[in-house]
Amino acid sequence: MDDNYDIIVLGTGLTECILSGIFSVEGKKVLHMDRNDYYGGESASLNLTQLYRKFRPDQVAPAELGRDRDYNIDLIPKFMMANGEIVRFLTHTDVTRYLEFKQIAGSFVYKDGKIFKVPSSEMEAVSTSLLGMVEKRRLQKFFEFVQNWKEDDETTHEGLDLDNNTMVDVYAKFGLEPGTQDFIGHAMALHLDDVYLKQPARETINKIILYVASVARYGKSPYIYPLHGLGELPQSFARLSAIYGGTYMLDRSADEILYDEQGKAIGIRSGTETATAKQIICDPSYASQKVHSTGKVVRAICFLKHPIANTADADSVQIVIPQNEVGRNHDIYVASVSNTHSVCPKDMYLAIVSTIVETENPEEEIKAGLDLLGDIYKKFVYVSDIQEPLEDGENDNVFISKSYDATSHFETVCDDVKSIYKRMTGNELILKKREITTVDA
């Protein structure tokens, strides 16, 4: 292993693998290591044996669950917005040649103890059973406003300034009720909490535009998902990096980050061997003294023998439970996939329920989501810290990614990638625009 590199990457989470792929394509000499024997780190997709080894090491996976190779169980449930930044990362690097995608069949929101399809167009606003007749008309007007907005044409602005008016102002302009505000802000703009209400409206309006455009791209829902699970994403970026000369070492620990007299990182030690590099990228677990916890996420991985009720037997869904519906400060997310996505055997469904922890009883906090699942065949509940770096890395040349939050999409991951890239290079990451063509309905 003794060698000199431009960049050493520790951990094979998606953030690390995207950066490894991008820098390798740009001609940097990259060494990429992970203490695990699989790709993905905290965002891996595990087979049955790996799942039991991680969460129930004293047990063996029951034979009735079937074959190891039929399972690709995501540890972190996230879907891809069809028009989102993650798609641009995939197409920019041409990683899509290694991947196949399938649509997520439905996007739903929870209200008054029931789930409803999220309306995302003027037509759906008129026909949805989520709202009364008067409110449908108001929502239709709101969608018309979003669709017609042109930055340089004040006649489309309805007297609103998106950089100065808040979403409270926007909702008031269209007379939208609190319940309608909830599904717009949480099931479409996908905000985790209500802090956005008092912030400038532009970010939220852009998120709504992204949601609507993503639905329009393939229909059904705004989400797509890679066949064989999310673990395919970091693995594909790793393959890209290797093609461009990146060196990969799985099942190899980095025991120590090495520093010079000025406190700048100069490499790593693994056992008795060392490797040097000008810059180091890592996930929080490789630099625990340089990160702090900003909260916790509770997730429950559930095996089901049936589709989720009231979804028209959809093979895959995303359900958002807005915080106000269940008296919380953060939303609850339910993500479900199935054999259609090559992640579990036929007649089995995988559902993951997650939220930000607010109390001393995390599992109780996701009860509203678990209740939607019906009979649960197997359940694995775990709590993870949300960690962020204490510094930006420019002083010590150690650039640490953020933990994966409770959001159900990859937009925050993409923000982290762009931030780290800019701090490392001083330049904005410019993504090429190409189309994904391998999406099955």
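The lining of the second largest cavity has seven nonpolar, one polar and one charged residues. Here Ala, Val, Leu, Ile, Met, Phe, Trp, Tyr, Cys and Pro count as nonpolar, Asp, Glu, Lys and Arg as charged, and the others, Gly among them, as polar. This is a predicted model, in which local features need pLDDT of at least 70 and side-chain atom pairs count only at pLDDT 80 or more, while totals for chains, interfaces and linings use all residues. Residues are numbered from 1 along each chain as its sequence is written, and side-chain values use heavy atoms, with hydrogens and water left out.

**Cavities**

- Rolling a probe the size of a water molecule over the atoms shows where empty space is left.
- On a 1 Å grid over the protein atoms alone, a cavity is a set of points where a 1.4 Å probe fits but cannot get out, and lining residues have an atom within 4 Å of a point.
- Grid points are joined across faces, edges and corners, and a volume is the space filled by probe spheres set on the points.
- How many cavities of 30 Å³ or more does a search of the whole structure find? The search finds three.
- The second largest cavity holds about 60 Å³ of space.
- Around the second largest cavity you can look for Leu14, Ser43, Ile76, Lys78, Leu230, Leu233, Pro234, Tyr404 and Phe410.
- The largest cavity holds about 90 Å³ of space.
- Its lining is made up of Ile73, Asp74, Pro77, Lys78, Phe79, Tyr225, Ile301, Ala335, Val337, Leu350, Ala351 and Ile352.
- Strand S4 (73–74), strand S16 (332–338) and strand S17 (349–356) are the elements that give two or more residues to this lining. Helices (H or I, at least four residues) and strands (E, at least two) are DSSP runs, numbered from the N terminus.
- S17 gives the most to the lining of the largest cavity, with three residues.
- By class, the lining of the largest cavity has ten nonpolar, no polar and two charged residues.

**The largest pocket**

- A pocket is an open set of grid points with protein on both sides within 12 Å along at least five of seven lines.
- The volume of the largest pocket is about 660 Å³.
- Its lining has 27 residues, and Leu192, Glu388, Asp405, Thr407 and Thr412 lie nearest the centre of the pocket.
- Which elements each supply at least two residues of this lining? They are helix H8 (202–218), strand S14 (291–304), strand S18 (378–389) and helix H12 (411–425).
- H12 supplies the largest share of the pocket lining, five residues.
- Eight residues of the pocket lining are nonpolar, ten are polar and nine are charged.

**The chain as a whole**

- The chain has twelve helices and 20 strands.
- With 441 residues, a compact globule would have a radius of gyration near 22 Å, and the 22 Å of the chain agrees with that. This radius is taken over C-alpha atoms, and the globule rule is 2.2 Å times the number of residues to the power 0.38.
- Along the principal axes, the C-alpha atoms fill a box of roughly 70 × 60 × 45 Å.
- Of the 441 residues, 56% count as buried. Buried means under 20% relative accessible area, exposed over 50%, and partly exposed in between (1.4 Å probe, protein chains only).
- Among contacts with a separation of 6 or more, 71% join residues 24 or more positions apart; a contact means heavy atoms within 4.5 Å.

**Helix H3**

- Helix H3 (residues 85–92) is mostly covered, with seven of its eight residues buried.
- Those buried residues are Glu85, Ile86, Val87, Phe89, Leu90, Thr91 and His92.
- After H3 comes Asp94, whose phi is positive, near 65°.

- Arg217 lies in helix H8, and it counts as partly exposed because its relative accessibility is 25%.
- Arg217 and Met81 are 136 residues apart in sequence and 10.0 Å apart in space, C-alpha to C-alpha.
- Ala312 sits in the loop between S14 and strand S15 (317–321), and its phi is near 60°, a positive value in a residue other than glycine.
- Is Ala312 buried or exposed? Ala312 counts as exposed, because its relative accessibility is 76%.
- Asn397 is in the loop between S18 and strand S19 (398–400), and its phi is also positive, near 65°.
- Asn397 counts as buried, because its relative accessibility is 17%.
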